[in-house]
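User: I'd like to learn how to read some features of a protein model. Could you walk me through them, starting with contacts?

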Amino acid sequence: MKNYLSLSEEVKQAKAEGKAIVALESTIISHGMPYPQNVEMARDVEQIIRDNGAVPATIALIDGKIKIGLSDEELELFAKSSNVAKVSRRDIGYLIATKQLGATTVAATMICAELAEIGIFVTGGIGGVHRGAETTMDVSADLEELAKTNVAVVCAGAKSILDLNLTMEYLETKGVPVIGYQTDVLPAFYTRSSDVELTLRADAPEVIAESLKAKWDLQIEGGAVITNPIPAEFAMDEKVINDVIQTALKEAEENHIHGKDVTPFLLGKVKELTDGKSLEANIELVKHNALIGTQIAVAYQNI
């Protein structure tokens with residue numbers, strides 16, 4: 001198995017020294033944001049993790065290897081290239097065999113992080129149950145991965161383009177803990193709240209770290225979702241963003257956009273309809289998640 005993993009020197013050194021490591025996905029770079037904001041965000045997030053006592057490990061597939069930790073040149077490559085495949089669980093083996101460039105989604109990043117024995121992963125928002133899934137059956141592979149892979153995902157909730165209530169129902173059925181960090185309700189990515197109440201809340205990173213340790217020590221399979229609301233100064237107006245999302249969803253349906261193309265299309269359309277404000281919110285929430293995720297990773301390492 002280790003033949004497939006390629007750890008950066010920074011990650012190798014962190015493991016040797018027993019330092020906390022935080023996993024990061026690469027789809028947010030290649031498919032989630034335009035250039036150059038995508039690579040600027042990636043560099044800023046990695047630096048936030050370093051500044052707070054841990055080591056970043058951005059994950060991607062390059063030349064038949066699972067890279068755990070990317071160089072600055074590799075970040076730039078994923079930010080600029082147009083031929084990067086979006087990688088989920090089903091794609092990993094094929095893309096390794098064909099040596100294609102692959103950007104890992106939440107699901108694939110969780111798999112690769114677990115292979116590299118990294119338990120904390122920071123992203124923007126998880127995938128979930130899409131609106132209209134009762135007829136389309138469009139449910140993100142992220143949810144299944146959370147049910148069986150032992151990696152905690154720190155995020156600003158599920159992306160608000162999704163059906164949040166059905167997403168929570170799915171996670172509950174699969175036994176995935178959803179812990180609100182200093183919140184009693186599910187954040188909705190661009191906004192700090194939603195109408196979905198949470199049953200679990202933690203007000204300190206140490207409590208989350210202890211919860212994860214107990215879960216995994218007891219061999220209770222699966223990950224956890226740590227929901228961290230976007231900072232108030234960058235949050236968007238709930239009515240405005242919901243109206244924009246409805247417009248974007250209608251356009252996606254009219255253009256027959258389905259499957260893995262839906263999320264990039266909707267995020268791009270929301271950015272266009274909000275004159276770029278949603279992109280700024282997206283960048284800031286990822287940075288905030290990096291800060292809280294690093295605090296959790298350091299606390300977990302120190303138990």
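Analyst: Gladly! Contact means heavy atoms within 4.5 Å. This is a predicted model, where local features need pLDDT of at least 70 and side-chain atom pairs count only at pLDDT 80 or more, while totals for chains, interfaces and linings use all residues. Residues are numbered from 1 along each chain as its sequence is written, and side-chain values use heavy atoms, with hydrogens and water left out. Now take Leu 212: not counting residues up to four places away in sequence, Leu 212 touches Ile 120, Ala 152, Ala 224, Ile 296 and Tyr 300.

User: Where is Leu 212 found, and is Leu 212 buried or exposed?

Analyst: Leu 212 belongs to helix α10 (residues 205-217); helices here are DSSP runs of H or I with at least four residues, strands are E runs of at least two, and both are numbered from the N terminus. Buried means under 20% relative accessible area, exposed over 50%, and partly exposed in between, with a 1.4 Å probe and protein chains only. With 2% relative accessibility, Leu 212 is buried. Sequence and space can also be set side by side: Leu 212 and Glu 254 are 42 residues apart in sequence, and their C-alpha atoms are 43 Å apart.

User: How do I read the buried side of a helix? Which residues of α9 are buried?

Analyst: An α-helix has 3.6 residues a turn, so residues three or four places apart point the same way. In helix α9 (residues 164-173), the buried residues are Leu 164, Thr 167, Met 168 and Leu 171. They line one face of the helix, because they fall within an arc of 95° seen down the axis of α9; the arc is that of the directions from the helix axis to the C-beta atoms. Their cover includes α8, β9 (178-181) and β11 (224-227).

User: What lies at the start of α9, and what comes just after α9?

Analyst: At the start of α9, a side-chain oxygen of Asp 163 comes within 3.3 Å of the backbone nitrogen of Asn 165. Just after α9, Gly 175 has a positive phi of about 75°.

User: What about nonpolar cores? Which residues touch the most other members of the largest one?

Analyst: In soluble globular proteins, nonpolar side chains tend to be buried together. A nonpolar core here is a set of buried Ala, Val, Leu, Ile, Met, Phe, Trp, Tyr and Cys residues joined through side-chain atoms within 4.5 Å. The largest has 106 residues, and those touching the most other members are Met 41, Ile 68, Phe 78, Ile 126, Leu 146 and Leu 171. Helix α13 (residues 277-301) gives the most to this core, nine residues. Leaving aside neighbours within four places in sequence, Met 41 is in contact with Ile 28, Ile 29, Met 33, Ile 283 and Val 286.

User: How many disulfides are there?

Analyst: A disulfide is a covalent bond between the sulfur atoms of two cysteines. The cut-off used here is a pair of cysteine sulfur atoms within 2.5 Å, and a search of the whole structure finds zero. For Cys 112, the nearest cysteine sulfur, that of Cys 155, is 19 Å away. Cys 112 is buried, with a relative accessible area of 0%, and Cys 155 is buried with a relative accessible area of 0%.

Notes. Polar contact = N/O pair within 3.5 Å; in protein donor to acceptor, adjacent residues only side chain to side chain.
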